[in-house]
Amino acid sequence: MTEAVEFDVVVLGAGPTGENVADRLRAAGLSTAVVESELVGGECSYWACMPSKALLRPVLAQADARRLPGLSRSAEGPLDAGAVLARRDSFASHWKDDGQVSWLDSTGARLYRGRGRLDGPRRVVVDGPEGEHQVLTARHAVAVCTGSRAVLPDLPGIRGAKAWTSREATSAHAVPGRLAIVGGGVVGVEMATAWQALGSRVTLLVRGDGLLPRMEPFVGEHIAAALTEAGAQVRTGVSVASVERPDASGPVTLVLDGGERIEADEVLFATGRAPRTDDLGLDTVGLAPGSWLTVDDSCRVEGSTWLYGVGDVNHRALLTHQGKYQARIAAAAIAARAQKVPLLETDRWGAHAATADLAAVPQVVFTDPEAASVGLSLTEAESAGHRVRAVDHDLAAVAGASLYGDDYKGRARMIVDLDREILLGVTFVGPGVGELLHSATIAVVGEIPIERLWHAVPAYPTISEVWLRLLESYRG
């Protein structure tokens, strides 16, 4: 083991969160080391956001074309799966991280390849790919940005079944004839949308009574109806009891709780995630290996003065854009503490508080139709004790939506805090609604009064005119 190298900050993990922590720390003038055991760029770049959306974009473009006379007939044929997969490969950089490494180098951060683990306060040991060991020490902070991993349920037979997780689903190089998907969350519905359109016969199995249970109930209803119309089989209220795959190259059989058997060529389990903290040496600093890291609003681990948990590992909001947001907040807090600048701890929306994680998390689900939401749902707002009113509008009744495509189906909802007359949450479902979300996010984060939103005039004829209709419905 060589002599320890000292930095101001050591960052564990070079996904989008770790990259952004390092970038902001270097901008603040702090020396920074970044440790990565896989590809620089992380889950989002190679197995999640980028490859999944590259798979879905042709699906959504074709669906939009089919809604338009003049295009619908030419869009009826099947997608060219080979071309779609090849484009996906390019967006995943063919699973090579040269470009990401070059960008990280340009920030001035020092990259260490290998598995990093804590070895007591402010000390990190890196086990390199060639068996070498390097010790890094941090003057001010260690930021754990190692993300999360997909979890397979503990079912009889699953270990030998070669089941897909989200990684295999976004990187597969052939279209399975029959694909069973277990789980009705974001990964489940997006991959059902993509692979059904690419030629698979998809069966979606959901334990609960609907899809996307964290969103407003009408969102899952719209998406379930569309998936069914596209040819997928959507089954709710069912649980998988065991998995059978006697021949590794043959079909896989799912046995449901009631004994029913479903055969497929591949099975994707999209049933949850766990923090990548099991082999990080957390026990050397008094924390439980494999646990989520409980942090304050500056992303500093509770009870610590130097350890930060940023991104998925803190379980606040498991989304790439939220991890990057937390990275900006955490880096600003680390730099302020290092430079002994007072933190803006009393400012809820200040530079050192990740308030959006709790009050205004935006998310788009790239299904057909798309779903987009920010802030609280009606149930969440009521459970939090707010006096609220939900205001709904049929998106199909908006001129811009009818122009977007024939037989447009969609819905919008805003949750109004009746005491303060501001928005606590907004939800859209319908083709193309993802691009509506940032205006909603600004309204929620800015706590813009309803009376001021009345003066934000939407251009005609756009789908954004739904804002005017929602406000009219609220005012009566």
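This is a predicted model: local features need pLDDT of at least 70, side-chain atom pairs count only at pLDDT 80 or more; totals for chains, interfaces and linings use all residues.

Colleague: Great. In what order do the strands of the 5-strand open sheet come?

Modeller: The order is E17-E18-E21-E20-E19, and the pairing is antiparallel.

Colleague: Which strands stand at the edges there?

Modeller: Those are E17 (362–365) and E19 (388–394). Each has a single partner strand, so one side of each has no neighbour in the sheet.

Colleague: And how much are neighbouring strands of this sheet turned against each other?

Modeller: On average by 10°, with direction ignored.

Colleague: Let's zoom in on one pair. How many bridges join E18 to E21?

Modeller: There are 6 bridges between E18 (residues 370–375) and E21 (residues 422–430), and the two strands run antiparallel. To pick out a residue, Gly375 has Gly425 as its bridge partner in E21.

Colleague: What about the bond from Tyr460 to Pro461?

Modeller: That peptide bond is cis too, with omega near -5°. As for where it falls, Pro461 is in the loop between helix H14 (450–453) and helix H15 (466–475).

Colleague: What is His393 in contact with, leaving aside neighbours within four places in sequence?

Modeller: The contacts are Val398, Arg411, Ala412, Val466, Arg469, Leu470 and Ser473.

Colleague: Got it. Now the 4-strand open sheet: what is its order, and is the pairing parallel or antiparallel?

Modeller: It goes E10-E9-E8-E14, with parallel pairing. The edges are E10 (233–236) and E14 (266–269), each pairing on one side only. Neighbouring strands in this sheet are turned by 15° against each other on average, again ignoring direction.

Colleague: How many bridges join E8 to E9?

Modeller: E8 (residues 178–182) and E9 (residues 201–206) run parallel and are joined by 5 bridges. In one of these pairings, Arg178 has Arg201 as its bridge partner in E9.

Colleague: Which strands does H7 touch where it packs on that sheet?

Modeller: H7 touches E8, E9 and E14, and its direction makes about 165° with that of E9.

Colleague: Then let's talk about H7 and H3. At what angle do they pack, and how far apart are the axes?

Modeller: H3 (residues 49–66) and H7 (residues 186–198) pack at about 55°, with axes 9 Å apart. That angle makes H3 oblique to H7. The crossing is left-handed.

Colleague: Which residues make the contact?

Modeller: From H3 you have Ser52, Lys53, Leu55, Leu56 and Val59. From H7 it's Glu190, Met191, Thr193, Ala194, Trp195, Ala197 and Leu198. By class, the residues of this contact split into 8 nonpolar, 2 polar and 2 charged.

Colleague: And what does the geometry look like for H1 and H9?

Modeller: The axes of H1 (residues 16–27) and H9 (residues 320–338) come within 8 Å and cross at roughly 30°. H1 is therefore roughly parallel to H9, and the crossing is right-handed.

Colleague: Who's involved in that contact?

Modeller: On H1, the residues are Pro16, Thr17, Asn20, Val21, Arg24 and Leu25. On H9, they are Thr320, Gly323, Lys324, Ala327, Arg328, Ala331 and Ile334. The contact of H1 with H9 has 6 nonpolar, 4 polar and 3 charged residues.

Colleague: Last topic, backbone angles. What is phi of Ser93 near?

Modeller: Phi of Ser93 is near 55°, a positive value in a residue other than glycine. Ser93 is in the loop between H4 (81–91) and H5 (98–107), and at 38% relative accessibility it counts as partly exposed.

Colleague: And where does Glu447 lie?

Modeller: In the loop between H13 (437–445) and H14.

Note on methods:
Residues are numbered from 1 along each chain as its sequence is written. Side-chain values use heavy atoms; hydrogens and water are left out. Two strands pair if DSSP finds at least two bridges between them. Axes are lines fitted to C-alpha atoms, for helices over the stretch in contact, and angles run from 0 to 180 degrees between N-to-C directions. Angles under 35 degrees count as roughly parallel, over 145 as roughly antiparallel, 65 to 115 as roughly perpendicular and the rest as oblique. A crossing is left-handed if the near helix is turned anticlockwise from the far one by less than a right angle, and right-handed if clockwise. Contact means heavy atoms within 4.5 Å. Ala, Val, Leu, Ile, Met, Phe, Trp, Tyr, Cys and Pro count as nonpolar, Asp, Glu, Lys and Arg as charged, and the others, Gly among them, as polar. Buried means under 20% relative accessible area, exposed over 50%, partly exposed in between (1.4 Å probe, protein chains only).
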